[in-house]
Amino acid sequence: MSNNREPRFNQHVLVDTVPLPDHIPKVDEVGASSAPLLSAAFFIGARCRPYNDDYMKCKDESPGRGELDCMREGRKVTRCAISVLEDINTHCLEQFRAHWDCLERRNHLLWKCRKQEWPLNACVFEKIGLEKTIPGAPEGQTPIHLRTNVKYT
Amino acid sequence: MSQDLPPQGGYGPVQYRRNLPPRGFRPSFYIFATFAVCAYGFYRVIDATHEKRELAREKRWARIHLAPVLQAEEDRDMVRRVWAGERREELLMKDVKGWKFGSVYHSDRFVKPSFVPTPSQITPGLAPHYVPDEEEAK
């Protein structure tokens, strides 16, 4: 097999390094990998849903030009997500880390990490005030992330 | 001629089946037991299906909450690269007379570039925000 060849590029940096022009306000990148993002997804949703919806609506309303026209909304989305992650990092780092570490090891399956998720949810609700809710879940039932008697464990 | 005839008083009873006590429970018991086992199994299956539906809803909403975050970053990066390309074009073609700048398509729709330019040098006149280390650049 010859598929273990080293890649050969004629140059090293394969990214366009030119920054955005100065009149565009600077925004950091979120900089979180998939497991922390998934772990914090519902808290991002709890705080940033209006911004997210705004951005998606903007993109929906300007088909073909959304990338250029919705940069303002996009910056708000990124800033909001960063703020949530920063809050969790300052207040609930230990629980957060335990949860996303579990997700990383369990194939990103949320139902395999309830044991780590409950302390995180409690801490985030207590210190930051964000609550995990799943929209559209049937009423009158315990939400799936709070059930103790489950078939999938 | 004398014929063979049954003995006086007829033959004795023929034993055509074994004389064993019936084994196990009544047959109807087995029917109902089968139904009961199946019913419990279906109860579990349906219960798990409902649970699976809720788990799927949870996963879907986690992704819905994350989609704009990822999309916004991606879009910003693409706009950055497209604008850099335009600037590069301006710098390259500033001496060519009659060169038409702007979109090459017959509309002002944002067209996602099919090719990603990876300039070997940082475009002169544009400040780099990412300068590779010397070791990395080797």
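Predicted model: local features only at pLDDT ≥ 70, side-chain atom pairs only at ≥ 80, totals over all residues.
Residues are numbered from 1 along each chain as its sequence is written, and chains are lettered from A in the order in which they are written. Local features need pLDDT of at least 70 and side-chain atom pairs count only at pLDDT 80 or more, while totals for chains, interfaces and linings use all residues.

**View 1. Helix 1 of chain A is kinked at A:C48.** Helices here are DSSP runs (H or I, at least four residues), numbered from the N terminus. Helix 1 of chain A covers residues 34–61 and has 28 residues, yet its end C-alpha atoms are only 29 Å apart. A straight helix would reach 40 Å at 1.5 Å a residue; the expected span is 1.5 Å times one less than the number of residues. The kink is about 80 degrees and lies shortly before the proline A:P50. The bend at a residue is the angle between axes fitted to the seven residues ending there and the seven starting there.

**View 2. Helix 1 of chain A crosses helix 4 of chain A.** The axes of helix 1 and helix 4 (residues 93–105) come within 8 Å, at roughly 120 degrees. Axes are lines fitted to C-alpha atoms, for helices over the stretch in contact, and angles run from 0 to 180 degrees between N-to-C directions. The crossing of these two helices of chain A is right-handed; that term applies if the near helix is turned clockwise from the far one by less than a right angle, and left-handed if anticlockwise. Contacts (C-beta atoms, placed from the backbone, within 7 Å) join residues including A:A35 and A:P36 of helix 1 to residues including A:F96 and A:W100 of helix 4.

**View 3. Helix 4 of chain A packs on helix 5 of chain A.** Helix 5 spans residues 114–127, and its axis is 8 Å from that of helix 4, at an angle of about 145 degrees. The crossing is left-handed. Among the residues that meet are A:H99 and A:C102 in helix 4 and A:L120 and A:C123 in helix 5.

**View 4. Helix 1 of chain A meets helix 1 of chain B.** The two axes come within 7 Å and cross at roughly 65 degrees, in a left-handed sense. Residues in the contact include A:F42, A:G45 and A:Y55 of chain A, and B:W61, B:H65 and B:P68 of chain B. By class, the contact has 13 nonpolar, three polar and no charged residues. Ala, Val, Leu, Ile, Met, Phe, Trp, Tyr, Cys and Pro count as nonpolar, Asp, Glu, Lys and Arg as charged, and the others, Gly among them, as polar.

**View 5. Chain B contacts chain A.** In the interface, 41 residues of chain B touch 42 residues of chain A. Helix 1 of chain B (27–92) gives the largest share of the chain B side, 25 residues.

How values were computed:
Contact = placed C-beta atoms within 7 Å.
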